[in-house]
Amino acid sequence: MQRIRLRYTKRGRLRFTSHRDFQRAFERALRRADVPMAYSAGFSPHPKVSYANAAPTGTGSEAEFLEIQLAEFRDPGQLRELLDESLPDGLDITDAVEAHTSSFADRLQASLWELRLDGVEVADAERAVAAFLAEETVEVQRRTKNGLRTFDARGAVARLEARQAPADRPGDGPCAILRLVVRHLTPAVRPDDVLSGLRATADLAPPVPAAVTRLAQGLLDEESGTVTDPLAPDRDAAPAAPSTAAGPSAAKVPEGSA
């Protein structure tokens with residue numbers, strides 16, 4: 001049985017696709033691409049697909065991950081192309097590797113997010129970021145299915161910085177960009193929780209909802225605050241392709257030669 005790990009995106013209007021909607025679209029893509037899926041046992045077998053840490057509905061993402069199990073061997077690159085062609089634009093399969101390691105979910109330690117704050121001056125965003133980072137704890141509230149919950153948004157933030165929006169962005173008004181690295185803790189701290197913390201500590205309140213995109217998720221380098229590719233260990237562990245070139249030790253001496 002072969003395991004393939006895939007990276008996919010949620011772009012444009014597809015950022016409003018719920019996780020359940022994506023699951024249905026992906027299972028249709030598996031059928032269209034004629035992927036030889038492995039199925040669970042039992043009365044109602046289903047394809048073996050494992051989803052990892054999906055982004056909230058309404059946020060874009062360049063780094064969503066899942067794993068599938070196949071009943072027959074397939075080349076990961078060709079499989080990626082077939083699945084990508086079978087999904088709508090915006091839900092794009094951008095990478096595929098064969099799994100050679102275990103505990104993939106454990107490598108999703110943190111996420112790098114980009115928050116676009118239209119209508120906010122960069123100087124105001126920088127002051128708010130400095131005030132937030134100066135606090136040891138920043139308590140925020142979020143309503144969950146179990147009711148209103150209070151938790152610390154500051155402790156999950158490994159890095160937070162403000163920067164100027166690109167000059168070629170659409171629109172003429174001010175716009176600040178926040179780059180945010182958040183550790184994956186329990187309870188999970190989301191980008192909107194950090195925005196609530198910025199409002200509480202520095203009264204930063206964007207006039208329009210922030211456009212939020214996950215740029216990466218994976219292993220966290222605590223020293224630099226960077227997030228590394230979680231698929232890299234599988235690439236590194238892949239067996240090397242056999243060499244077709246004959247080395248000196250492979251050369252044969254013709255019989256009768258002296």
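Predicted model: local features only at pLDDT ≥ 70, side-chain atom pairs only at ≥ 80, totals over all residues.
**Entry 1, helix 2.** I began with helix 2, residues 76-86, and looked up its burial, finding that Pro 76, Leu 79, Leu 83 and Ser 86 are buried. Viewed down the axis of helix 2, these buried residues fall within an arc of 90°, so they line one face of the helix. For the cover over the buried residues of helix 2, I listed strand 1 (2-10), helix 1 (19-32), strand 3 (60-70) and strand 4 (93-98) as included in it. At the N-terminal end of helix 2 I found a cap from Asp 75, a side-chain oxygen of which lies 3.1 Å from the backbone nitrogen of Gly 77.

I checked the span of helix 4, which has twelve residues and reaches 16 Å from its first C-alpha to its last, close to the 16 Å expected at 1.5 Å a residue. Its buried residues are Pro 191, Asp 193, Val 194, Leu 195, Gly 197 and Leu 198. Just after helix 4, I recorded a positive phi of about 55° at Asp 203. Setting aside residues up to four places away in sequence, I found Leu 204 touching Leu 117, Val 120, Asp 124, Ala 128, Leu 198 and Arg 199.

I followed strand 5 (residues 110-118) to its partners, and found it joined by nine bridges to strand 9 (residues 175-183), the two running antiparallel. Strand 5 also pairs with strand 10 in the antiparallel sense, over seven bridges. Trp 113 stands opposite Leu 180 in strand 9, and it also stands opposite Arg 214 in strand 10. I then looked up Thr 213, which is placed in strand 10 and, at 18% relative accessibility, counts as buried. Apart from neighbours within four places in sequence, Thr 213 is in contact with Arg 15, Gly 60, Ser 61, Leu 112, Trp 113 and Glu 114.

Technical notes
Residues numbered from 1 in each chain as written. Heavy atoms only, no water. Buried < 20%, exposed > 50% of the residue type's maximum accessible area, 1.4 Å probe, protein only. Helix = DSSP H or I, 4+ residues; strand = E, 2+ residues; numbered from the N terminus. Arc of directions from axis to C-beta. Contact = heavy atoms within 4.5 Å. Polar contact = N/O pair within 3.5 Å; in protein donor to acceptor, adjacent residues only side chain to side chain. Expected span 1.5 Å × (residues − 1). Pairing = 2+ DSSP bridges.
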